[in-house]
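Please look over the sequence and the model shown here. The briefing that follows takes up a sheet, a helix beside that sheet and a pair of packed helices.

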Amino acid sequence: MPGNNPITDSVFVRHLPCTNCGSSDGNSEYRDTHENGDIGSHFHCFVCKKTDMLSDTRPDYVPHSRNHIQESKGEKMNSKFTIEPIPDRGISLVTAKKYGVKVRKDTDGNIVSHAYPYYDYNGQKVLAYKKRDVENKSFSIMTSDNGSFSDSSLFGQQLFSGKGKYITLVEGELDALAAYQMLGSKWPVISLKSGANSAEKDIRKNLEFFNQYDKVVLALDNDKPGKEAAEKLSQIFEVGQCLIMPMHRKDPCEYLNANDSSTFSREWWEAKPVSPDGIICGTDIWDIVSTELTNESIDYPWQALNDLTYGIRKGELVTVTAGSGIGKSAILREIIYHILQNTDEKVGALFMEESIRRTGLGLMSIDANKQFHLPTTTYTKDEMRTSFKNTVGSGRVYLYDHFGSTEIDNIINRIRYMAKGLECQYIFLDHISIIVSSQENGDERKALDEIVTKLRMLVQETNIALFIVSHLKRPQGGGHEIGGVTTLSQLRGSAGIGQLSDIVIGLERDSQAEDPIARNTTQLRVLKNRFSGESGPGSKLLWCKETGRMSEVFDDITETQLESF
């Protein structure tokens, strides 16, 4: 439609097949009234979401079928329409009188059209009638002198004053008559103005009316548009107010036509309340709590840490934190190597402060007990190839080449791909501080909150074990590089990292100590442990210069023992 000729009113006409996606009845035709008085049409498919905007004021306007029915502009209700039963639909005279539905017959006494009255919001005046022609199943609007269809309330709304226990909402006028009749003419039933297409708009406009009822039963059509509309409507009503009826037939009319009123009534009483996502009744989780978990966790490489944490579990976020130069990356590489040696799982590694060459050589060095990256280390090509096959060349390790790509959403997407696309169950991100420092907003606290929140949600979504490294704030009285004790309060940014992590492990080492043993011994401290609640000092790890390995020690060792370690 031309942009300077906006639509002022749009009326649903009928369901149609969609020539775009092939749906048998997902397409819907609407008759549009424009600001300048032009009458046109548009078609929208609720399956493929394609919309065609056409106008019969344009020379290229072509109706979708030969049976295209133009709106009965200016047609008035006349004496040829009378209130009578509708036998082919099973609608009794009592029901027709209740809703004021009229019919028109031909000279042979056959019903050729129905007329459904639409009232104002006071329920006093009929503003318009929606006419349905029986033969071609098309709709049009018959006007009155009192107003227009667009200003009317829902079909049947004027019959019920509100403040009741139940009200049922259906898609069409005949569905309303059928449902009311099958429920013994005891419970209010009203219909939407233009089927599922108008559902959200109709309900929001009449929400005050519906809120007078304790329960709103949705009996919308059992098809894709109806189900989608029911899902949207369930989010509008108050929690617990909306019930969805589990219909096994398409709509109420089908039940009545099949003489299956008893089933409709039973399924109506079986309508269940819609709960917000994630709310589960405790009685429904017996199988979850009673099933014995197998292979729930794997050990860390170090016993004292396992004694506190009970190992590494999928679905948990583990934060490793320390001052600069304490050995966080070396700790992560030891854990990765341990996973490769003791499981068949895949591992993802995003080491943001080093190249993929350095990460690869670091893992290979652990396998060979030789520091491949140092120029003083002697090794053969065969040794290097063997360690390559055992680690990064195993087909189970995926690295992230992060050059120029440190945006938060980009990192989140890469982790999600590793988890879902590559099936990595253990992923290591070292470290989040470098990602935050690259953001343009300059608010470190806000950026840290954002990335940790997204990482926490990603862990829940993918059920991975995610290790992240976070830096510490400098404590008063001395830095962590000289052996300062780590605490949760020293985590950079806000308290979000500590709150959202399942496990927080602090690393402590006096990298400037005169004693070589103290200088090369790292204390692991569990700062938070959501799983068991235990915290405190864990393993002590001694780094060996010759091999580059970090191994757990339990007793004091001498410098001579260190040299032969």
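**The sheet**

Five strands form an open sheet in the order S11-S10-S12-S13-S14, with mixed pairing, where two strands pair if DSSP finds at least two bridges between them. This is a predicted model, in which local features need pLDDT of at least 70 and side-chain atom pairs count only at pLDDT 80 or more, while totals for chains, interfaces and linings use all residues. Residues are numbered from 1 along each chain as its sequence is written, and side-chain values use heavy atoms, with hydrogens and water left out.

- Strand S11 (189-191) and strand S14 (272-273) are the edge strands, each pairing on one side only.
- Strand S13 (residues 242-244) pairs with S14 in the antiparallel sense over two bridges, and Leu243 stands opposite Pro273 in S14.

**Helix H5**

- Pro225, Gly226, Ala229, Ala230, Leu233 and Ser234 are buried in helix H5 (residues 224-234), buried meaning under 20% relative accessible area and exposed over 50%, with a 1.4 Å probe and protein chains only.
- Seen down the axis of H5, these buried residues fall within an arc of 165°, so they line one face of the helix.
- Lys227 and Glu231, on the other side of H5, are exposed.
- The buried residues of H5 pack against strand S10 (166-170), helix H3 (199-205), strand S12 (215-218) and S13.

**Helices H11 and H12**

- Helix H11 (residues 356-368) and helix H12 (residues 381-390) pack at an angle of about 105°, with their axes 8 Å apart.
- H11 and H12 are therefore roughly perpendicular to each other, a term for angles of 65 to 115 degrees.
- Leu361, Met364, Asp367 and Ala368 in H11 meet Met384, Thr386, Ser387, Phe388 and Asn390 in H12, contact meaning heavy atoms within 4.5 Å.

Notes: Helix = DSSP H or I, 4+ residues; strand = E, 2+ residues; numbered from the N terminus. Axes fitted to C-alpha atoms, helices over the stretch in contact; angles between N-to-C directions. Parallel < 35°, antiparallel > 145°, perpendicular 65-115°, else oblique. Arc of directions from axis to C-beta.
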